[in-house]
Amino acid sequence: MYKPLKLIGMAAVASLMYAGQALAGPYDPYAGTTLVVNFPAHPHYNAVMKILPEFTKETGIEVEVDQLPYMKMRERQTLELGQDEGDYDLVAYVVFSKADYVYADQLENLARYFMNPKLADPSYDSDDLIDGYVYNIGFAGGNKGYLQGKTGSLFGIPYGSETSVLGYRKDIFAKHGLKVPSNYDELLDVACQIPNLEPGMGGLSSRAASGHHASHAFLLHLAPLGGRVFDDQWNPIVNNAAGVKAANALKTIVDCGPKGAATFGFGEALGSFLNGDTAMFLDTTVVAGQINDPKKSKVVGKVGWAMHPMGVRRGSQTGGFGIGIPKNAQNKEAAFLLMQWLTSKKGDKLVAMAGGNPSRFSTHQDADVNAKFPHMKTFGEALKHADPDWRPIIPVWGKINADLGTTLSKVLTEGLDTKQALDGVAERTRKVMEDAGYYTWQ
Amino acid sequence: MSYSTINRLTPYVFLAPAVVVMAIALLYPLMYMVFGSFRAWDPSQAIGEAEFAGFTNYITLWHDPNFHESLIVTLKFAFSVVALEMLIGVGLALLLDRSLRGMSVLRTLFILPMMIAPVVVGLIWRYMYHPSIGIFNQTLESIGLGSVDWLGKHALMSVIIADIWQWTPFIFILALAALQSLPRSALEAARIDGASGWQQIIYIKLPLMMPVLIVTCLLRLIDAFKVLEVILVMTEGGPGLSTEILALRISRTATEFRELGVAAAMSNYLLMLLLILTIAMLAYNKIQELKKARVKVLIDGDGS
């Protein structure tokens, strides 16, 4: 009598244990793990810091964050990702690092994680992620090597991504009966009317400082005005009619901008708009939080938002950051769980409510998010036209970008002829591309 | 082995471990840089994996107009700041080498700028030069003068001013220390012979301070050739390449362009330039000392 009872008891305990194991949460095997992540000092990631305790509470996984200024972050990653064993389990990378890291085989292909039933959340809904962002920041190996396509794979997920929108001073536009520009002719016209209508005020804040800033500002206009840096055969076409038009548009904007605009980096351009020194700001969506913050802005409640004006086509920028798992990470599966949680519908809404940039269509349409941030609706509209190919993301881009940016700075400050300057860029770019082997098949 | 040989070699045996460690610590990174400069080296590779490129990196730089421009900017920047800092620093030291009330406080205040982190110095000056909210333009406009495009047309001058503000105290401290250690008897003798203050400076103080001033000048020159953070924060090398000094170009080449081999070759060019300058200045110092020694021998000879 005793033995059967004992056997039944043991079987019951074993069944319960098995059932318990079968019902264990996906995070349980990783509870107590400490992930080391590398994030930039950036408004979006400042918001992320606020929601990380929620992740730890829900999963038992601790997160240690090494937050660095983003150029410094890139330098650190250049060193870290080259080691045999890395310190970082998850890294945020600025979009143009994608090419470098993927080409150097330093980021995990995410397919094997999304294929793993123990790790992949079935309710993740990847179709809800913003297409332009995913293709720009996460994909590699497809069209042109850096975009989506039949041969492409996913190496990262957009997180802290941005597109471009036009911010304008509603009060100034109303005072002078100005129409919010919807195309480039109107934009340039209004930008140069403002200094006459409002003495001391610049038309549009733009970054224009030598190097990356000037290059970024130029590319912002190049895509909508119909241009590209390369044609489909990698021939530089930055000096064609659209390129010259984009460079001249930038020059007009700087000339009609606030004092010293030719040397403005992103910080000064935004600062000028926040200070009320300019009537328009055409750049990334990430600034909305600061524009609405009375501690930082003198224009709270005075700013309206519109789509990036149209040239011959619509084409707003795609940029910002993505997150990926380094090949040399120590806790890859737990890192994937953090990545998945952060970019899930829940995580995306949480970060949006904390002041970050959402990466999902649904978050832009969310009633709570829209109630707190009314501009989110316009941003969601702009995202439909986010152009993942507005800037080439190839390993040699850093060099071309620097040359383009310093040459354009000379156009803006030293009066260099635009066409001649861009011809020089095209010629030098061809040499860089040739050395990198882009014409091997021609 | 004879006792005298052992006696002669003993110090070397004791010194050998320290010398070996020092040599490794000093030479290994240098050798690494030299080795890397001959390779097509990408940050994703270990140096040994990088393809051997011979002198390609050096030749590429030799024909690179941007490198030439950076080199010229570096020379302009380094020689301007060092010349002006020497002039102001030594001048201030001569002016403040006296016992007046509150002088020690004043001296402490003078050296404060060099204690500030370069990035902070860059930020402070960047905002002081700001076209609309900067203190300089606000002051100029308040007295009816027009604003100046500090970080635009006058960017190089503006970064030179910031560097002078931060590093003149370094010259000042060393010059003051040199002044205060001058033999009082020589100054006393000059005074008794009726030398004016100016004559004392030209004929007594400056010649006696010269060895210290040459070393000070050399140290500042080496440092000025390698300035990075202040310029990076203030102008990022712009407008155009007008303030892109070599250290900034090296940093960009390594991190933005991901060409570690080219960056290493550029560093070696800079190293060679600094070596030539150092040897020239030390040789000049040696010649001056030899000249002084010869004069002393002649004087002593006459006197004996």
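**Exercises: contacts in a two-chain model**

In this predicted model, 26 residues of chain A are in contact with 20 residues of chain B (contact: C-beta atoms, placed from the backbone, within 7 Å). Local features need pLDDT of at least 70, side-chain atom pairs count only at pLDDT 80 or more, and totals for chains, interfaces and linings use all residues. Residues are numbered from 1 along each chain as its sequence is written; chains are lettered from A and ligands numbered from 1 in the order in which they are written.

**Exercise 1.** Characterise the side of chain A that touches chain B.

Step 1. Find the elements giving two or more residues: α3 (70–80) and α18 (397–414) of chain A. Helices are DSSP runs (H or I, at least four residues), numbered from the N terminus.

Step 2. α18(A) gives the largest, eight residues.

Step 3. Sort by class: five nonpolar, 13 polar and eight charged residues. Ala, Val, Leu, Ile, Met, Phe, Trp, Tyr, Cys and Pro count as nonpolar; Asp, Glu, Lys and Arg as charged; the others, Gly among them, as polar.

**Exercise 2.** Describe how α3(B) packs on α7(B).

Step 1. Locate the helices: residues 65–96 and 155–180 of chain B.

Step 2. Take the geometry. The angle is about 40°, and the axes lie 6 Å apart. Axes are lines fitted to C-alpha atoms over the stretch in contact; angles run from 0 to 180 degrees between N-to-C directions.

Step 3. Count classes: 20 nonpolar, three polar and three charged residues form the contact of α3(B) with α7(B).

Definitions and conventions. Two residues are in contact if their C-beta atoms, placed from the backbone, lie within 7 Å.
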